[in-house]
Amino acid sequence: MSSAFDYLDKNRERHLAELKELLAIPSVSTDSSRAKDVKRAADWVSKRLKKVGCKKVKVVPTERHPIVYGEWLGAPGKPTILVYGHYDVQPADPLELWDTPPFEPTLRDDRIYARGASDDKGQVITHVNALEAHLQNGGCPINVKFLIEGEEEIGSPNLESFIRENKSALACDGVVVSDTAMFSKDLPSICYGLRGLAYLEVHVKGTDRDLHSGSFGGAVVNPANALVQMLSALKDARGRISVPGFYDNVKRLTVSERRAFAALPHSDRKFRRAIGAPELDGESSYSTLERIWARPSLDINGIWGGFTGEGAKTVIPAEASAKISMRLVPHQTPNEIAKKVAGYLKKIAPKSVKLTVRNLHGGETWLTPTDHPTLLAASTAMKRAFGKTPVFVREGGSIPVVATFEKLLRVPTVLMGFGLNDDNLHAPNEKMELSNFYRGMQASAYLMEELGKADDGATQVGQRVRGKRARS
Ligand code: BES
Ligand code: MN
Ligand code: MN
């Protein structure tokens, strides 16, 4: 059975060349002027799925960007996994901070640099190549379905309805996602928790038009002042969010989980240095990993209004705005938090301004037990590929559809990420380690082998995990 793995070794150059093709397509989902490129990336993925041997492949249009579906179901009686990933990417700007252009994939220091290298094109392709390796070497030990979307970076607005309408086509024994990071370069990880997200845009309007700050200053409200006052009232000096009821549904960390976090090889000093932070900052009495993985947060993502050009202009702006986001933990929900934060902002807004709050998008939190068979199979597979037993981690980021899978398909999800925390996701100079690309393919191929050891998907892996499903 080692021939699939020899195959992966022998085809490294070609697999890398193909990844480069996909990375060269600027499939930026937020940017409507890139819609054609997003479609091109979908077509590329679908062509590749056909090429590796998927029997049924579809590019399904949505209101915005297409979903790519593919399946190989040639192992009757064996379990079926659904591989989820996304082929859309974040915008690449600021372009001037890239050492090489974001859509001209470049090899440097055993890494591939390009927007989407790690998030998520490089990661999702590992599974496609793993299926190819099995199919070229006597067949795949399990059935594989692919669901690769083009709207993850804009909050997956059309995916839930697609899953709802195609529940039986998507039926499977487990979902596999590679869209997270390993704890560190030589420490493979399985992620069992994601934070959720609530995202608001806040707009404050004062007067009809900008005013001379000498003729009017001191006698009228300044919306920019009002906005920053309101925003600073959202958090206290100890890093606690002051919105009434914000923590009502927060699941408290257990002692054993705190211990497990503390046992991981994390160094605040290294963490701080890696991002160039003079000092770390956050909610008091929680460690860095606890703050990121298991505590909610609130951040201003952008703030604007008034004069920002060269030199000084004496003006009272007519309006000011900000985008703020809250990362959520179980059992907070995006709607609940959006409502609480918006309600509090309305309550504290001075009478002299007009406040509008728009709810941009959200994502549910996710937490899964660490002992279900699919997860253990993934752990064995990671160990075989990386030579080390993976650690269990949570992530501070969000992948909104993961909670949807559990809710609608009622199967466990395994997050086996091949990224690293220094991959520069959403930032200039995004990269993926080539070694992780190659080991990722092996890990995926091993996972298929491991799951293939169960002789019947429906009665073994599926039932066992289904029976074990638990609310955390
Ligand atoms: N792959 C990331 C999620 C992620 C980020 C996992 C960091 C692990 C570490 C994903 O593509 C992403 O960026 N998600 C967005 C969700 C949002 C657009 C709804 C996020 O977390 O901001
Ligand atoms: Mn991603
Ligand atoms: Mn992302």
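A nitrogen atom of ligand 1 lies 2.8 Å from a backbone N or O atom of Ser398. In this predicted model, the protein covers 89% of the 510 Å² of accessible area that ligand 1 has on its own. A polar side-chain atom of Glu152 is 2.7 Å from an oxygen atom of the ligand. For Glu153, a side-chain N or O atom is 3.1 Å from a ligand oxygen.

The shell around ligand 1 holds 17 residues. Glu152, Asp179, Arg327, Ser398 and His426 are the closest. By class, the shell comprises six charged, seven polar and four nonpolar residues.

The manganese ion (ligand 3) is coordinated by Asp119 (OD), Glu153 (OE), Glu153 (OE) and His426 (NE2), at 2.0 to 2.6 Å. Along the chain, its donors follow the spacing D-x33-E-x272-H. The site has six donor atoms, with angles of 55 to 155° among them, and is irregular.

Distant parts of the chain are linked by the pair Asp119 and His426, which are 307 residues apart. Asp119 belongs to helix H4 (residues 117-135). His426 sits in the loop between strand S17 (413-415) and strand S18 (431-433). Asp119 counts as buried because its relative accessibility is 6%, under the 20% cut-off. His426, with a relative accessible area of 41%, is partly exposed.

Notes
Residues numbered from 1 in each chain as written. Chains lettered and ligands numbered in written order. Predicted model: local features only at pLDDT ≥ 70, side-chain atom pairs only at ≥ 80, totals over all residues. Heavy atoms only, no water. Donors = N, O, S within 2.8 Å, 3.2 Å for Na, K, Ca; no water. Tetrahedral: all angles 85-135°; square planar, octahedral: opposite > 155°, others 65-115°. Helix = DSSP H or I, 4+ residues; strand = E, 2+ residues; numbered from the N terminus. Buried < 20%, exposed > 50% of the residue type's maximum accessible area, 1.4 Å probe, protein only. Near = heavy atom within 4 Å. Polar contact = N/O pair within 3.5 Å; in protein donor to acceptor, adjacent residues only side chain to side chain. Areas by Shrake-Rupley, 256 points an atom, 1.4 Å probe, with all protein chains shown as cover. Nonpolar A, V, L, I, M, F, W, Y, C, P; charged D, E, K, R; others polar.
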